[in-house]
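Please have the sequence and the structure open beside the text while reading.

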Amino acid sequence: MPSSPKKTSAKNEPTATAPGRPERLDAHVLETLVGYNARRAWLIVSGFFSERMAPYGLKQIDFSVLSLLAHNPGATSRQLCSTLDILPPNLVSLVATLDSRGLIERRPHPHDGRAMGLHLTPAGETLVREAEQAVVQLEADASAKLSARERETLIKLLQKIYL
């Protein structure tokens, strides 16, 4: 009876598998792909985000909208959709939810009579200020294996893809 082939790593080194643990699969092709690596990193950051934003009742898109409004008071729905690359129908329900929570309010836009500007309420300002501090910390924790310079470089490289 022929012996089974020896298991090797992506570098053709024998792998040791602990009893009861699945062996690591050869992912060397996947690990050369930007999308695969971006998704794997996103899963880590997203896990930190979900855990730390739960007390605020915020999902990533909620936080993004509130942060944009904190730094761009009076932004329109159209501007938010463009910046976040989301469809208007998706933003409508999000804005309604944030409005019902008392975090944002609509006011007539000063330059476009047909548009409504979105503004944070005092409760929204307080929430986003606290949430932004928590996000800065969670990002630092999620990227703790990177030096400050590596983190800055990573952000710039990712932005080259989508900006």
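Is the crossing of H1 and H5 right-handed or left-handed? In this predicted model, the crossing of these two helices is right-handed.

**Contact of H1 with H5**

- Helix H1 covers residues 34–53 and helix H5 covers residues 122–142, and their axes come within 9 Å of each other while crossing at roughly 145 degrees.
- From H1, the contact is made by Ile 44, Val 45, Phe 48, Phe 49, Arg 52 and Met 53.
- On the side of H5, the residues that take part are Ala 131, Ala 134, Val 135, Gln 137, Leu 138, Glu 139, Asp 141 and Ala 142.
- Sorted by class, the residues of this contact comprise ten nonpolar, one polar and three charged.

**Largest pocket**

- The largest pocket holds about 1,700 Å³ of space, and its lining is made up of 37 residues.
- Nearest the centre of this pocket lie Trp 42, Val 45, Glu 139, Leu 158 and Tyr 162; of these, Val 45 and Glu 139 also belong to the contact between H1 and H5.
- At least two lining residues are supplied by each of H1, helix H2 (60–71), helix H3 (77–84), H5 and helix H6 (148–162), and the largest share, eleven residues, comes from H1.
- The lining of the largest pocket consists, by class, of 22 nonpolar, nine polar and six charged residues.

**Second largest pocket**

- In the second largest pocket there is about 150 Å³ of space, and the residues that line this pocket are Arg 24, Leu 25, Ala 27, Glu 31, Tyr 36, Asn 37 and Arg 40.
- This lining divides into three nonpolar residues, one polar residue and three charged residues.

**Aromatic pair**

- One aromatic pair is found when the whole structure is searched, and it is formed by Phe 49 and Phe 63 in an edge-to-face arrangement, with 5.9 Å from centre to centre and 70 degrees between the planes.
- The pair links distant parts of the chain, with Phe 49 in helix H1 and Phe 63 in helix H2, 14 residues apart.

Methods:
Residues are numbered from 1 along each chain as its sequence is written. This is a predicted model: local features need pLDDT of at least 70, side-chain atom pairs count only at pLDDT 80 or more; totals for chains, interfaces and linings use all residues. Side-chain values use heavy atoms; hydrogens and water are left out. Axes are lines fitted to C-alpha atoms, for helices over the stretch in contact, and angles run from 0 to 180 degrees between N-to-C directions. Helices (H or I, at least four residues) and strands (E, at least two) are DSSP runs, numbered from the N terminus. A crossing is left-handed if the near helix is turned anticlockwise from the far one by less than a right angle, and right-handed if clockwise. Contact means heavy atoms within 4.5 Å. Ala, Val, Leu, Ile, Met, Phe, Trp, Tyr, Cys and Pro count as nonpolar, Asp, Glu, Lys and Arg as charged, and the others, Gly among them, as polar. On a 1 Å grid over the protein atoms alone, a cavity is a set of points where a 1.4 Å probe fits but cannot get out, and a pocket is an open set with protein on both sides within 12 Å along at least five of seven lines; lining residues have an atom within 4 Å of a point. Grid points are joined across faces, edges and corners, and a volume is the space filled by probe spheres set on the points. Rings of Phe, Tyr and Trp (its six-membered ring) pair if their centres lie within 6.5 Å; planes under 30 degrees apart count as stacked, over 60 as edge-to-face and the rest as tilted.
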